[in-house]
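Hi,

Here is the structure I promised to pass on. Have a look first, and my notes follow below.

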Amino acid sequence: MIYAANFKTNHTRRSTEQYLSVLNERLSEKAPDDQVYIFPPATALGEYAGLFTQGVQNAYPAEKGAYTGEIGLEQLEEFGIRTILIGHSERRIFLHESQEEIARKFAFFRAKGFEIIYCIGEPLEVREAGEEAVRSYLLAEFEGIDLSYEKLIVAYEPIWAIGTGRSAHPEEIAATHAMLRKAVDVPLLYGGSVNPANIAQIVETDNVDGVLVGSASLDPEVFASMILHRA
Ligand code: PGA
């Protein structure tokens, strides 16, 4: 199972260091085949060691250059980062990232051999319009994306479930992941209000290979309890 923590714009360098020392201790109890990813904010990226992989929440598709406010490959290489989140709905919505820009970013980091957690997810009105509407919305978010990339992981995160406390029902997750499985043969994560109360049911759902967790990942004890829930 894959357990990924997306801190978003939370935690500082100092609190990330404290977080990781708590988490690391707990991760000694994890199952050997469980994979843990941590996505801290860019200012808290570091040379961390432990039973987890550090990834970046975003980066600009360039080695380096005149891109004010952005970080590129050179800044990621300083910390040995080889994993990136691309296509998160918060970037699509708040930062107005278009599918074309997202595809360009994907192509750049694919060419550099990064592991890519590629996020897709529909808004509420599309979910309410029914499964066929959801299907075409999600497949459109694959436009320009090389789905045969061997280091691709897809995260299905319905926008209406992110940060709302209202996770998708296991049946909705199962149906959507079954549909996605026909389009992509890669690990499929679910994200959107995953928490200690619903994690067991979600990871047992067919075609769910892991979870991408926001709010509930911010406390290392809570996140660790989610990873170790089977123990
Ligand atoms: P949430 O966020 O767990 O706070 O809903 C998930 C995400 O956006 O990755």
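**Around the ligand**

The shell around the ligand is made up of four nonpolar, seven polar and two charged residues (Ala, Val, Leu, Ile, Met, Phe, Trp, Tyr, Cys and Pro count as nonpolar, Asp, Glu, Lys and Arg as charged, and the others, Gly among them, as polar). Before going on: this is a predicted model, where local features need pLDDT of at least 70, side-chain atom pairs count only at pLDDT 80 or more, and totals for chains, interfaces and linings use all residues. Residues are numbered from 1 along each chain as its sequence is written, and side-chain values use heavy atoms, with hydrogens and water left out.

In total, 13 residues surround the ligand (near means a heavy atom within 4 Å). The closest are Lys8, His88, Glu157, Gly163 and Ser215. Polar contacts (N or O atom pairs within 3.5 Å) reach ligand oxygen atoms from side chains: Ser215 at 2.5 Å, Lys8 at 2.7 Å and His88 at 2.7 Å. The protein covers 99% of the 280 Å² of accessible area that the ligand has on its own (Shrake-Rupley method, 1.4 Å probe).

Cheers

Methods. Polar contact = N/O pair within 3.5 Å; in protein donor to acceptor, adjacent residues only side chain to side chain.
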